[in-house]
Amino acid sequence: MKDVYITGSNIVSPLGMTTQENYSKVKKGVSGIDQIDDRHYYPSAFYGSLITDNQFLVQEHSRLESMFIHSIQTAIDENTEPIDKENCLLILSTTKGNIDLLDEGDEIHKDVFLGTLSEKINAHFGFKKNPMMVSNACISGVMAINMAARYIETGKYSQVIVSGGDIITEFVVSGFSSLMALSAGHCRPYDKERDGINIGEACATIIMSGANTNSSVKVLAGFTSNDANHISGPSRTGDGLYNSISKSLEDHKISTREIDFINAHGTATAFNDDMESKAFKLAELDHTPVNSFKSYFGHTLGAAGVIESIISVESMKDNCLIKSLGFKQNGTTFDLNVIGENCNKNVTTVLKTASGFGGCNAAVIFQKDE
Amino acid sequence: MNTEELIEQLKGEIIEQLNLEDISKEEINPDDELFGAGLGLDSIDALELIVLLERSYGIKIEDPKKGRDIFKSLRSMAEYIQENQKD
Amino acid sequence: MNKKMINSYVGITKDAVFKDGNKVFSFNESELLNENLRALYKSEDLKYSKFYKMDHLSRLAYLSSELLFKDLELSSDTFNEMCIFLTNSTASLDTDSAHQKSISSNENYQPSPSVFVYTLTNIMMGEIAIRYKIKGENYCLIFNKFDAEFMHEYSDMLFEFYGVNHLLIGWVDVLKNDYKSFLAYVSKDMNAKWDFNSDNLIKSYKNELR
């Protein structure tokens with residue numbers, strides 16, 4: 001199997017338009033979450049993470065398309081190697097795509113179709129290979145990264161661009177509100193007083209390659225799994241996520257001791273965070289430093305796996321454990337070692353996990369290339 | 001409306017709200033557990049019952065955890081409605 | 001390299017239900033999707049009350065899986081490690097439209113939790129996983145057209161390099177009264193009938209593989 005390297009990345013979010021801007025704000029403890037009081041999104045005020053700097057908007061493209069285009073282009077411009085447009089593969093990840101173009105009428109706008117969205121973005125960049133569109137709830141981003149890494153390590157492709165994005169829409173806010181899943185304020189992953197999620201919008205891009213051109217980070221592809229328990233409630237035992245984690249570690253012969261920190265899903269719902277604590281306990285990772293980035297960016301759905309992976313990698317390169325914003329006191333079934341304050345630590349290996357509606361789980365590992 | 005009449009009405013309403021198409025009104029025992037062993041309802045059903053309470057009876061439940069007791073059985077649900085109904 | 005084989009496949013179209021290329025059930029021409037799915041559920045004498053809570057996409061996926069697996073006598077271990085890999089073109093738009101309608105009027109603003117949970121394409125995989133206790137890898141991707149080459153290439157990789165021995169692969173697509181499903185069970189069973197390759201995948205998608 002070939003090694004897989006990260007050669008470029010970008011984040012478009014309320015915290016900035018570049019990876020560096022975003023990481024620097026996260027390191028300073030800045031959150032993109034604020035109160036949103038706008039009928040366009042919901043009849044009453046709620047807390048979410050909205051991009052207010054609209055410099056990324058591209059004419060004749062939807063909000064989400066603009067985010068994808070801006071993010072992918074910036075990642076390409078800063079990539080450590082040129083993009084081979086004939087042979088590179090584009091894998092997109094989104095849960096709802098251009099759902100803001102859906103109205104109550106019977107005709108569905110053509111750009112709402114996710115296949116059309118992926119073809120549009122692919123055509124914009126002139127890539128010759130057919131694109132892929134992953135839409136697998138909140139694990140989409142990690143799944144897309146794993147698929148990309150697998151394509152490279154098996155030699156099928158030597159360059160893959162992964163980009164995940166979702167926007168805040170009334171569709172999504174009203175839906176999570178009907179599930180009584182929205183927090184009344186800033187979300188508090190793993191905390192005793194946690195009361196739900198904040199929705200966020202973002203687009204994040206990772207470029208991966210089989211060639212080590214000035215890259216310092218490797219991607220070790222992980223596994224997905226299904227709880228086979230309930231379509232929206234997490235597993236009561238955590239064994240689905242545990243299976244993803246243990247298979248991923250086993251496949252790369254990495255022991256739990258080697259994991260320097262875990263960036264987990266940590267949505268701040270009562271059930272998700274409890275489930276994760278059970279899974280980490282089963283995996284003997286309950287003493288490993290763990291954080292969630294949901295209180296910096298909100299839950300960015302299809303972008304989550306990608307944006308959170310990038311920040312995890314940046315913190316690894318920076319040898320800094322980033323505090324899990326919103327956390328004060330352990331409140332999960334099993335106590336976890338939640339990172340309470342930023343601290344310096346030599347970081348070589350990071351485990352990233354994600355879980356989602358439909359009972360799905362995924363894990364991926366990032367490692368410094370020594 | 002007395003409790004028994006309300007229970008009958010609720011049977012019809014929950015069958016519709018929760019898509020319990022293969023269950024008839026006669027099969028629902030008002031004292032059986034709605035969740036767990038009885039009708040086997042789940043967390044999404046609990047949320048739909050909260051929607052039903054607000055839409056049909058004007059009762060708003062802010063904390064879903066309160067639902068456990070209110071929705072223990074059809075009878076406890078009917079009693080709660082009678083105690084709290086606003087129009 | 002191990003050979004992978006298509007053991008069995010099921011197809012549901014607007015007209016009929018096919019198993020391994022043979023028509024096993026005909027739909028009433030004038031009936032809508034909703035009625036056709038109920039008719040199929042009743043004709044198969046199924047007793048799975050979760051069916052009534054599902055949206056159209058999940059009902060179609062679930063029914064296809066019941067028809068596929070019913071005669072195969074697969075063990076619980078097989079299901080436990082099975083990988084599910086589904087694609088479609090309409091994502092969850094059929095149910096998305098219902099949710100959108102429920103929030104389109106200020107006076108009658110009524111988003112429903114039981115509708116909203118189905119506004120993700122992969123829920124249909126979750127329903128199949130719950131029914132059969134399938135806990136292996138799962139993938140859900142969206143393409144405007146069925147892409148047999150991509151599906152075969154990625155699946156083959158899963159078998160070769162990523163420990164997959166049993167695969168449920170297919171396409172389940174619903175939008176209003178346009179619908180089509182195709183599910184196939186692929187494994188390393190040398191006694192199975194058809195080679196697993198992209199030609200056979202297309203043929204079985206069209207219910208023409210015999």
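How many of the 14 residues of helix 2 of chain C are buried? The count is 12, so helix 2 of chain C is largely enclosed by the rest of the structure. Buried here means that 20 or more other C-beta atoms lie within 10 Å of the residue's own; 12 or fewer makes a residue exposed, anything in between partly exposed, and the C-beta atoms are placed from the backbone.

Before I go on, the ground rules. This is a predicted model, in which local features need pLDDT of at least 70, side-chain atom pairs count only at pLDDT 80 or more, and totals for chains, interfaces and linings use all residues. Residues are numbered from 1 along each chain as its sequence is written, while chains are lettered from A and ligands numbered from 1 in the order in which they are written.

Back to chain C. Helix 2 covers residues 56-69 and reaches 20 Å from its first C-alpha to its last, close to the 20 Å expected at 1.5 Å a residue. That expected span is 1.5 Å times one less than the number of residues. Among the buried residues of this helix are C:His56, C:Arg59, C:Tyr62 and C:Leu68.

In the loop between helix 1 (33-43) and helix 2 of chain C sits C:Asp45. C:Asp45 has a positive phi of about 55 degrees although it is not a glycine. Most residues other than glycine have a negative phi.

As a whole, chain C comes to eight helices and eight strands. Its C-alpha atoms fill a box of roughly 60 × 35 × 30 Å along the principal axes. The radius of gyration of chain C is 17 Å, which agrees with the value near 17 Å for a compact globule of 210 residues. That radius is taken over C-alpha atoms, and the globule rule is 2.2 Å times the number of residues to the power 0.38. Of the 210 residues, 53% count as buried.

Now chain A, with nine helices and 17 strands. Its C-alpha trace spans about 50 × 50 × 40 Å along the principal axes. A compact globule of 370 residues would have a radius of gyration near 21 Å, and the 19 Å of chain A agrees with that. Buried residues make up 65% of the 370. Of the contacts in chain A between residues at least 6 apart in sequence, 79% join residues at least 24 apart. Two residues are in contact if their C-beta atoms, placed from the backbone, lie within 7 Å.

The element to look at in chain A is helix 4. Helix 4 has 14 residues and reaches 20 Å from first C-alpha to last, and 13 of the 14 are buried. In the loop leading from strand 5 to helix 4 is A:Ala137, a non-glycine with a positive phi of about 55 degrees. With 25 C-beta neighbours inside 10 Å, A:Ala137 counts as buried. Just after helix 4, A:Gly155 also takes a positive phi, of about 80 degrees.

How does helix 4 sit against helix 9, and at what angle do the axes cross? The axes of helix 4 (residues 140-153) and helix 9 (residues 304-317) of chain A come within 5 Å and cross at roughly 70 degrees. That makes the two helices roughly perpendicular, a label for angles of 65 to 115 degrees; under 35 is roughly parallel, over 145 roughly antiparallel, and the rest oblique. The axes are lines fitted to C-alpha atoms over the stretch in contact, with angles from 0 to 180 degrees between N-to-C directions. Helix 4 brings A:Ser140, A:Gly141, A:Val142 and A:Ile145 to the contact, and helix 9 brings A:Ala304, A:Gly305, A:Val306 and A:Ser309.

Last, the interfaces. Chain B touches chain A through five residues, against six of chain A.

Definitions and conventions: Helix = DSSP H or I, 4+ residues; strand = E, 2+ residues; numbered from the N terminus.
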